[in-house]
Amino acid sequence: METYVIFKDLAIILISAKLCGLLAAKLKAPQVVGEIVAGLLIGPSILGLVQQTELISGMAEIGVVLLMFFAGLQTSLHDLKRTGWKAFLIACAGVFVPLVGGYLLYCLYYGFAPSGTSQFYSALFTGVIMTATSVSITVASLQELGYLKSETGTTIMSAAIIDDVIGIIVLTFVVGMKDPTSNPATVILNTVLFFAGAVIFGVIIYKIFKILDNRYPHTRRIPILGFVLAFAMAFIAEKYFGIADITGAYVAGIILCSIKDSEYIARKVDVSSYMLFAPVFFASIGLKTSIDEMSPSLLLFCILFVIVALVTKIIGCGIMSRIIGFSGSDSLKIGVGMMTRGEVALIVAQKGLSVGMIEAKYFTAVILLIMASSILTPVILKILYTRKTSAAA
């Protein structure tokens, strides 16, 4: 392929992703859904205007690293400490129940397979995809209803942050298991070593950035060094520990989330991501999503996938909330608030595809899950909070 063809591809990807993203927003759906649909439309499955290439794949990988770095920068360690063990227990249940539910769904639908087989890993990774939580829709809904700063609202936000951290650790472990040269003990050891090293060196790096931040506040060198840290940790995680590169990028963001200029770095990352790399990433998912293989059997699996993913989040988070002292109505609100999925689910699915744990055709299920959870969550939360207000009156 001629090198200059990439410019044509990028022009098509960016304009189609932006237009479809705006249309999705008008329809009250996440813009990322529109960007994925754009990739599907311009890709080989429909119009054939753009083909997946190594260069586009590379740019998409940069996009996913920047997205996870940005997510780490947006993490509030203060909120995590404030909500403490309650949010942690809710997050653990919100990871465990969907993980088991997704695994059982795949096994019951396609049959149980011995450990170590490709079918076993596909079943396991189906559960891993379901563990992700994205509460941006929930936050917007709670803010509109006036309950964002309530105990349930704060708990949902904190539990979602912890949920993603635990989910990334689970992803790291499962991806490590897929490596034929490793065994569970090696995977556990590598994971522990990476996070132990991240804590030790993270403190040192944080102090260095704090000094630089005080000496050169709001200068471009701070975000540039932040980019260097994100890419370096992504490389180190994958190369030397066999851990997903997105884990390294996410940890890099957490290391810097408490410095004064963390928001300044996040804005610079967001510009680079929003303008180019994120649209390429989400559109590339559409490019790789194959609707040619869609069949009644696969469509039924996709529908069951959405149902199980939504219900298991409500059950896991709701029951744990009830156990630790929340009322029945508040427990249900927390469960519903935690069931939304977004970018992290797509990122996890993309990683599963890249390591051969799932097939591209299953991206349809993830896209449907994001759409369904984004539509249903605000509606159900409004009903639950309105019912409470009516009862109080």
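Student: Which ring does the charged end of Lys 333 sit over?

Tutor: This is a predicted model, so local features need pLDDT of at least 70, side-chain atom pairs count only at pLDDT 80 or more, and totals for chains, interfaces and linings use all residues. Residues are numbered from 1 along each chain as its sequence is written, and side-chain values use heavy atoms, with hydrogens and water left out. A charge counts as over a ring if NZ of Lys or CZ of Arg is within 6 Å of the ring centre and within 35 degrees of the ring normal. For Lys 333 the distance to the centre is 4.4 Å, and the ring is that of Tyr 385.

Student: And how far is Arg 221 from the ring centre of Tyr 216?

Tutor: Arg 221 lies over the face of Tyr 216. Its distance from the ring centre is 4.2 Å.

Student: Is the pair Tyr 109 and Tyr 110 stacked or edge-to-face?

Tutor: Rings of Phe, Tyr and Trp (its six-membered ring) pair if their centres lie within 6.5 Å; planes under 30 degrees apart are stacked, over 60 edge-to-face, and the rest tilted. That rule gives 16 aromatic pairs. In the pair of Tyr 109 and Tyr 110, the centres are 5.0 Å apart and the planes are at 75°, so call it edge-to-face.

Student: Is Cys 317 buried or exposed?

Tutor: Buried means under 20% relative accessible area, exposed over 50%, and partly exposed in between (1.4 Å probe, protein chains only). Cys 92, at 27%, is partly exposed. Cys 317 has a relative accessible area of 0%, so the word is buried.

Student: How many residues of helix 5 are buried?

Tutor: Helices are DSSP runs (H or I, at least four residues), numbered from the N terminus. Helix 5 covers residues 118-131, 14 residues in total. Phe 120 and Phe 125 are among its buried residues, and the buried count is twelve.

Technical notes. Helix = DSSP H or I, 4+ residues; strand = E, 2+ residues; numbered from the N terminus. Expected span 1.5 Å × (residues − 1).
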